Amino acid sequence: MRPLVSIIIPVFNNFEDLAECINSVIVQTYPELQVLVIDDGSTDGSDAIARSFEAVDPRVTVIRIENSGVGAARNVGLNRAVGKYTYFLDSDDIIVPDFVDTCVNNSERFDAEIVTFNVKKFSRENISGQFTYDRGLEVSECLTSTAFFCRVVQTESFSPPVWLYFYNTQFLKIHKMSFDEGHVYEDVLWTLKILNKEAKICLEPKVLVAHRIRSTSIMNSCVTLDKVRSSVIVSKRIASLYDSDYNSYHHLVLFRWLVTQPIELIFNYRSLKIFFARCLWEYLFFLILRPSFWSLSIVRRIKCSSIN
């Protein structure tokens, strides 16, 4: 019998797209699934959509929690996951019919802890800006997490969204992985923690996920003071995560998040309220006192090609 795969779908007020998302899961060519829909206190009828699938498919379980954010919802799902493999799917995205088959086959073939793949974007709306998650993967291959990180640094294609990766559940539990709760940008810290562990990562060139771009989503909506605070929180935790190894090549990617991300939020939106936010200036002072900040200009000269 093939291994069970747990698919975790956090949802909050996404009545319009949820059915299409769940349906893309239950029609998979790979039937051995545990589908965990974590309803994060929806008020728009999303819960009823999820329950309708639960009523007809025993593989689907709906868990309702008080509104706590996507990080908390994913943690609830991860704690309930019993599959050999785990995937976090956003409630407005769609996976292709052979998504699970392809990921499991690659995981078993390469004995990989993580599988990553190409993604296409789609939208019903006219949204300005570029949203590209195609990392130019051309052939199936397996890299160490160090080599993978080095490659995405070289190609400037580092993408932190959690739905870009398919995980071995035991790997996540051995390393006691969990999502930060109470703020956005939780994917960034999660993915950097993952890539800081020793792991085999399989690169699958097929497009396996259709990612829906919505102007009303958290990440595409206008910048708020809460977003700035979240950016500061995540940047501080990333800095603390790598302080013990601040001469690492990882800072080639971290440079953007440690230094420029919170500042970009200010200058891109020219908000005096954000500019004078106390959290921002405390953050800049925090950076100046860290050895990792002063090492960045040196670290950026490290050649990733020397890392196997």
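Strands are DSSP runs of E with at least two residues, helices are runs of H or I with at least four, and both are numbered from the N terminus. In this pair I noted V115 opposite C202 in β9.

The model is predicted: local features need pLDDT of at least 70, side-chain atom pairs count only at pLDDT 80 or more, and totals for chains, interfaces and linings use all residues. Residues are numbered from 1 along each chain as its sequence is written, and side-chain values use heavy atoms, with hydrogens and water left out.

I then checked β6 against strand β8 (residues 165-168) and found antiparallel pairing over 3 bridges. I114 stands opposite Y167 in β8.

Next I turned to the helices. I read an angle of about 45° between α3 (residues 70-80) and α7 (residues 186-195), with the axes 10 Å apart. Axes are lines fitted to C-alpha atoms, for helices over the stretch in contact, and angles run from 0 to 180 degrees between N-to-C directions.

For contacts (heavy atoms within 4.5 Å), I listed V70, G71, R74 and L78 in α3 against E186, D187 and W190 in α7.

Last, I checked N75 in helix α3. N75 is buried at 8% relative accessible area (buried is under 20%, with a 1.4 Å probe and protein chains only). Leaving aside neighbours within four places in sequence, N75 contacts S178, F179 and E181.

Terms used
Buried means under 20% relative accessible area, exposed over 50%, partly exposed in between (1.4 Å probe, protein chains only). Two strands pair if DSSP finds at least two bridges between them.
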